[in-house]
Amino acid sequence: MTQDTPRELRPDTLAVTAGVHRTEFDEMSEGLFLTQGYVYPTAAEAEAAFAGEIDRYQYSRYGNPTVTAFQDRLAAIEGAEACFATATGMAAVFVSLAAVLDQGDRLVAARALFGSSIQVFNEHFQRWGITVDYVDAHNNADWDRALATPAKAIYVESPTNPMQDVIDIPYVATLAKKAGAVLVVDNVFATPLGQKALELGADAVVYSATKHIDGQGRVLGGAILGSEDYVNGPVRTMVRQMGATISPFNAWVLLKGLETLGVRVRAQAATTLDLAHWLEAHPAVARARHPFLSSHPQHELAKKQMTLGGTIVTIDLALPEGVDPASDVAKRAAFTFLDALQLFVISNNLGDAKSIATHPATTTHRKLGAEGRAAVGMSDATVRLSIGLEDVEDLRADLAQALDAM
Ligand SMILES: *Cc1c(COP(=O)(O)O)cnc(C)c1O
């Protein structure tokens with residue numbers, strides 16, 4: 001199979017067959033082209049390449065065969081016309097919007113976002129004369145109000161990190177079309193297998209490949225997927241010029257990560273849902289959030305637009321009567337729980353084969369401030385659990401003993 005692998009094949013097949021560009025050596029595993037540049041047989045060919053008369057690799061900031069293989073494979077799995085890989089997930093977030101926003105333009109974004117994305121919007125886009133308006137992402141009336149005024153781009157995560165709000169993507173996509181705005185969806189929590197945001201109406205999807213696509217804590221990477229015109233137009237031009245290019249080595253690790261994405265994510269999602277049900281019923285847990293729990297406020301919507309509920313469960317620890325969840329007492333309770341965990345590691349990553357516990361208020365979502373956190377329903381008693389590939393019973397026992405320690 002080559003880059004011409006038929007798109008009708010199912011994602012698990014495409015994950016191992018798409019994007020294979022075998023060389024004259026007939027290698028089994030995909031080649032790793034750890035090269036900065038390329039050589040030309042003649043000066044005239046170099047001239048023709050720079051003049052754009054022939055299409056060939058010139059320099060790895062512009063393109064690299066290993067990076068192409070990763071892009072082609074991810075595009076095939078996602079069902080996207082085109083994909084462009086970036087050095088990190090944040091480079092993908094930044095470029096997906098910066099490539100289309102001009103001074104004076106308006107960006108409408110969901111309030112509940114990954115911390116660094118909010119910082120890019122507030123500290124950089126606003127400095128460049130771009131207006132950013134935030135909405136309550138799960139509230140369709142709020143979207144109606146926000147998109148009654150023209151906007152150039154819309155940015156959402158669904159489900160959101162870490163509170164797992166689900167955005168009605170087809171609804172927002174319809175409003176986006178009317179407003180003439182590009183709708184970009186950060187699909188990290190849902191994963192390429194759990195939600196097809198482009199089919200739901202999004203114009204572009206972004207990933208931090210650092211998360212499930214690697215899934216083994218090794219490399220950073222990102223990707224932007226969408227139409228040929230958008231991805232191989234403004235997106236590609238911007239990444240090539242500003243240099244947020246992914247390293248071929250990282251692209252190779254991620255390319256191989258895609259081969260096991262399906263088995264990993266489905267196993268992790270099954271364990272996550274099992275533990276989410278168990279956590280929800282535990283007396284030391286005030287609330288568990290997961291899109292596929294029937295207690296989730298947008299459970300019906302989640303079931304409609306997602307085929308997997310994801311690998312994250314977010315819990316609010318139960319506190320003694322009268323204790324403010326946004327307080328030092330709540331934080332100490334959360335720290336006691338995290339420190340008591342033996343199998344779960346404390347880290348800020350997610351989507352890994354290793355189960356991870358995160359205290360968002362003091363790490364990933366620290367910069368939001370207490371007010372910003374309260375606005376999305378997060379407190380000092382909130383803990384994000386990313387579920388890995390360990391045995392579900394061992395994870396349950398670890399959670400049980402740590403909840404007892406509180
Ligand atoms: C991690 C993450 C990012 C940023 O990705 P990096 O690879 O760390 O740059 C963006 N969005 C979400 C939802 C994330 O979890």
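A polar contact is a pair of N or O atoms within 3.5 Å; within protein, one must be able to donate a hydrogen and the other to accept it, and residues adjacent in sequence count only if both atoms are side-chain atoms.

I noted first that this is a predicted model, where local features need pLDDT of at least 70 and side-chain atom pairs pLDDT 80 or more, while totals for chains, interfaces and linings use all residues. Residues are numbered from 1 along each chain as its sequence is written, and side-chain values use heavy atoms, without hydrogens and water.

**The ligand**

A polar side-chain atom of Asp186 sits 2.6 Å from a ligand nitrogen. For ligand oxygen atoms, I found a polar side-chain atom of Ser208 at 2.8 Å and one of Thr210 at 2.7 Å. The protein buries 91% of the 380 Å² that the ligand exposes when taken alone (Shrake-Rupley method, 1.4 Å probe).

**The domains**

Then I turned to the domains, whose bounds come from an automatic or database domain assignment. Domain 1 covers 11-259 and domain 2 covers 262-405. Their centres, taken over C-alpha atoms, are 27 Å apart. I also looked up their contacts (heavy atoms within 4.5 Å): 38 residues of domain 1 touch 36 residues of domain 2.
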